[in-house]
Amino acid sequence: MNKFVITSVRIRKLEENTSKIVGIASIVINESFLINDIRIIKKDDKMFCGMPSRYLGNHVFKDICNPLNNETRTLIENRILAEYINLQDEKNEV
């Protein structure tokens, strides 16, 4: 059982982007812990989130933080992707 609630989600869409990264998200957990630079990735018509990471050189990246179980990953990913899709829908309505 998750002991946290995502209390805030901010999405920054990347327009005219040639990479698979279509946006960057920040989340706040329990109004007290901020996680920045969560990548929103679209690949082969599937979307998922990549946790913040640091480049170590030699094409090696190291995660800075990551969920410890699938339940938590799914909770974070579903909330971020729902916000991203909501932004897309708002843009299409204009």
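Arg 79 and Glu 83 share helix H1 (residues 70-93), 4 residues apart, or about one turn of the helix. Helices (H or I, at least four residues) and strands (E, at least two) are DSSP runs, numbered from the N terminus. This is a predicted model: local features need pLDDT of at least 70, side-chain atom pairs count only at pLDDT 80 or more, and totals for chains, interfaces and linings use all residues. Residues are numbered from 1 along each chain as its sequence is written, and side-chain values use heavy atoms, with hydrogens and water left out.

**The salt bridge**

- A search of the whole structure finds 1 salt bridge (a side-chain nitrogen of Lys or Arg within 4 Å of a carboxyl oxygen of Asp or Glu).
- Arg 79 pairs with Glu 83 in a salt bridge, and their closest N and O atoms are 3.9 Å apart.
- Arg 79 is partly exposed at 30% relative accessible area.
- Glu 83 is also partly exposed, at 27% relative accessibility.
- Here buried means under 20% relative accessible area, exposed means over 50%, and partly exposed lies in between (1.4 Å probe, protein chains only).

**Glu 77 in helix H1**

- Glu 77 sits in helix H1.
- Glu 77 is buried but has no salt bridge; Arg 73, the nearest side chain of opposite charge, is 5.0 Å away.
- For charge, Lys and Arg count as positive and Asp and Glu as negative, while His and the chain ends are not counted.
- The Glu 77 side chain reaches the backbone nitrogen of Cys 49 at 3.0 Å.
- Neighbours within four places in sequence aside, Glu 77 is in contact (heavy atoms within 4.5 Å) with Phe 48 and Cys 49.

**Ser 26 in strand E2**

- Ser 26 belongs to strand E2 (residues 21-29).
- Ser 26 is buried, at 12% relative accessible area.
- The side chains of Ser 26 and Asn 36 are joined by a polar contact of 2.8 Å.
- A polar contact is a pair of N or O atoms within 3.5 Å; within protein, one must be able to donate a hydrogen and the other to accept it, and residues adjacent in sequence count only if both atoms are side-chain atoms.

- Most residues other than glycine have a negative phi.
- Asp 45 has a positive phi, near 60°.
- Asp 45 lies in the loop between strand E3 (33-43) and strand E4 (46-50), and is exposed at 74% relative accessibility.
- Asn 58 has a positive phi, near 60°.
- Asn 58 lies in the loop between strand E5 (53-57) and strand E6 (60-63), and is exposed at 72% relative accessibility.
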